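Let's work through a few exercises together. Keep the sequence and the 3D view handy, and try each task before you read its solution.

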Amino acid sequence: MLCLTSSSSSPTPLPPPGDRAAHPGIVGGGDVRLIVVSVPCSARRSRPVKVKSKFATAVTVQENKTMATAKEDVDRLPIYKIDPKLEELNDHFSYRMKRYLDQKHSIEKNEGSLEEFSKGYLKFGINTDDGATVYREWAPAAQEAQLVGDFNEWNGAKHKMEKDTFGVWSIKIPHVNGKPAVPHNSRVKFRLRHGDGVWVDRIPAWIRYATVDASKFGAPYDGVHWNPPACERYVFKHPRPPKPDAPRIYEAHVGMSGQKPSVSTYREFADNVLPRIRANNYNTVQLMAIMEHSYYASFGYHVTNFFAVSSRSGTPEDLKYLVDKAHSFGLQVLMDVVHSHASNNVTDGLNGYDVGQSTQESYFHTGDRGYHKLWDSRLFNYANWEVLRFLLSNLRYWMDEFMFDGFRFDGVTSMLYHHHGVNMAFTGNYKEYFSLDTDVDAVVYMMLANHLMHKLLPEATVVAEDVSGMPVLCRPVHEGGVGFDYRLAMAIPDRWIDYLKNKDDSEWSMGEIAYTLTNRRYTEKCIAYAESHDQSIVGDKTIAFLLMDKEMYTGMSDLQPASPTINRGIALQKMIHFITMALGGDGYLNFMGNEFGHPEWIDFPREGNKWSYDKCRRQWSLVDTDHLRYKYMNAFDQAMNALDEKFSFLSSSKQIVSDMNEVEKVIVFERGDLVFVFNFHPKKTYEGHKVGCDLPGKYRVALDSDALVFGGHGRVGHDIDHFTSPEGVPGVPETNFNNRPNSFKVLSPPRTCVAYHRVDEEAEQLQRKTGTSAEKISPEFINVDAAPRQNAYHQRV
């Protein structure tokens, strides 16, 4: 049974004045909480029967259905067929879907369509319209408002703005002699008077560029009107690449991507780093810290100006150059978008609009609900009409103007729950996801956002950073889900950190590793990663640094024998990344530099390090120097991605773990058409080690971490054919070897991982007849180049 309570009634929608769309209030109430009485068992361990649903119901997919019909269908959501236990929470999901449908319908009725509503950046902020500069800003609590800037010598007396019924201030300034009265690249601010009579200047909320005087310590940012003439605007030359079946994501921070200890630019990243990403066979690049943030050390997560390109690394046109060049390499480009909170900065940020007004007149909630205490930031009121316009338009702006192919939503856990995930240990019990703590306003916003993005760009990739594991977060909206394509598998790096920091090699549990990597909700896709930027920032260590520490400064020369620490470190670094990729999810992510074991951490300029840029960079010279061992880890990373490029195992639904031997420290599994053998034992070599497989035939090495080209010892033969033997009674799994109908024997040296592929013997015979060489999937086939990267560029670009 579901109990609904509301602390406030819904404001009545206002009729449209003239030809302007109405601005109704919060649909369904602003502070509705859900109390779920009946709760099923663990979400994560549930493995419901998979169904093949066409979902041709009139929930949201059929736009021409009436709201009455849709209301009936919210009780028959397709998610119940995927996970029958969710139907016990029917009241919650029916309410949530109805809220979504009501909000969507209200937007369509009053704004024309959700797509039109998301074009807010063409109406708000500063735009050109019919021979004039038009500026609009939502600030309902302001008593007076002016537009000031260089164009009027910061005197707003002649540029007073008018306020409409919905709290939107506007002004139209005719062009002068055919030229805009507010010139391109000139400074502007929104001047408003509060109810206490105090006038303040604020950067326009929809500003598209904001700069700071770097020569002045602690100088405030200036809003800059960005409207370059046609001859200076970047024109995209390359189409968006197709959406990959499985994303192999290279997470990157443009500002710290250079070799020098300084802020790198968008064009430098495009010219110097993108070729490296493509050479290592990634198909997606994810860019951090693109939205303007006044505090550099926030890593871009305390956004001050949501529509502004971070000016530290260049102009909006420079960012367009970067995205276009990535597309020329066949790389999708995702952007880290921060809609979970906003910077507390009053002078430079959106928070400056929220002074003394009610929550209905603000971007943010008031009181304690409006602050995230741990992050020291403001929290959006997702029920407010203009907040929805602002955030949905923000997504469309980056997609339309900059050709981004999707987003990684930061801080989704904080959005999903009123407690923001703080001091909350999620166990998988459904009560933890659908209860009094569920923030339905935020959930509805994310449903609207995902519906919009996939309608505008069906090939968009949208990833959620959620640690809670909320069920159906990654199911389509029309099924009753929240609509994300993937969630980050955030438990995986935590497991590796725990092992590397707290456990001896002999204490590593093969079963625990395999469980952590495979513990994800059925039918909901995950992006697996061994380490991201979170593990690379000051106060923590990368996997390579945890493994090798100070010896990375003294023992990485290939001109001398490797120490036991270096041998162990390089071997485990390769194994950890490879098993995470192969077993951990439906996509893979790596943070910039970790592919070659970048030492040290990232430390942004701050008071604690005397504002130094020394560790705010990536030392590409380490992997480019031929006599250093970093090249081996980089080559293996390149080979891992090439293996998926060839065999598409990441996108395969076939994943079977057949052996988790705690004594031998061996994990054997199949993913797609490949068989993987991981030997984590520090000392033992297993000759003639028997591994199970599905299909009979001949198997050969596809990828071997022990190959010399990867800094290994070359102990595994690549020219050996491994023939299978049948196991047990056909069709009776319990009589098979490890429940596999076939097996073959391999050599498995300590701390190595080898992937085997089944040989297509008919194709091989045909090749013999035609005189061509038989295909051999080996390091040579996947074209691994362990030489300096400068040489590799010219081979691939």
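## Exercise 1: A salt bridge across the chain

Glu645 is partly exposed, with a relative accessible area of 48%. Bear in mind that this is a predicted model.

**Task.** Find out which residue forms a salt bridge with Glu645, and which parts of the chain the pair links.

**Solution.** 
- Start with the partner: Arg248 makes the salt bridge with Glu645, and their closest N and O atoms are 2.3 Å apart.
- Arg248 sits in strand β12 (residues 248-253), while Glu645 belongs to helix α16 (residues 630-647). They're 397 residues apart, so the pair links distant parts of the chain.
- Now check the exposure of Arg248. Its relative accessible area is 3%, and the cut-off for buried is under 20%, so Arg248 counts as buried.

## Exercise 2: Salt bridges with buried partners

**Task.** Take the salt bridge between Glu317 and Lys320. Are Glu317 and Lys320 buried or exposed?

**Solution.** 
- The two side chains meet at 3.6 Å, N to O.
- Both residues lie in helix α6 (residues 316-328); because they are three residues apart, about one helical turn separates them.
- Glu317 has 7% relative accessibility, so it's buried. Lys320, at 11%, is buried too.
- For another case, look at Asp410 and Arg408, whose side chains meet at 3.1 Å, N to O. Asp410 is buried at 8%, and Arg408 is buried at 2%.

## Exercise 3: Inside the core

**Task.** Which members of the largest nonpolar core touch the most other members?

**Solution.** 
- That core has 193 residues, and the ones to pick are Phe269, Leu287, Leu319, Trp398 and Tyr445.
- Zoom in on Trp398: leaving aside residues up to four places away in sequence, its contacts include Ile290, Phe306, Leu319, Met335 and Phe407.
- Finally, there's a second, separate core of 14 residues, with Val666, Val668, Val675 and Phe744 among them.

Key
Residues are numbered from 1 along each chain as its sequence is written. This is a predicted model: local features need pLDDT of at least 70, side-chain atom pairs count only at pLDDT 80 or more; totals for chains, interfaces and linings use all residues. Side-chain values use heavy atoms; hydrogens and water are left out. A nonpolar core is a set of buried Ala, Val, Leu, Ile, Met, Phe, Trp, Tyr and Cys residues joined through side-chain atoms within 4.5 Å. Buried means under 20% relative accessible area, exposed over 50%, partly exposed in between (1.4 Å probe, protein chains only). Contact means heavy atoms within 4.5 Å. A salt bridge is a side-chain nitrogen of Lys or Arg within 4 Å of a carboxyl oxygen of Asp or Glu. Helices (H or I, at least four residues) and strands (E, at least two) are DSSP runs, numbered from the N terminus.
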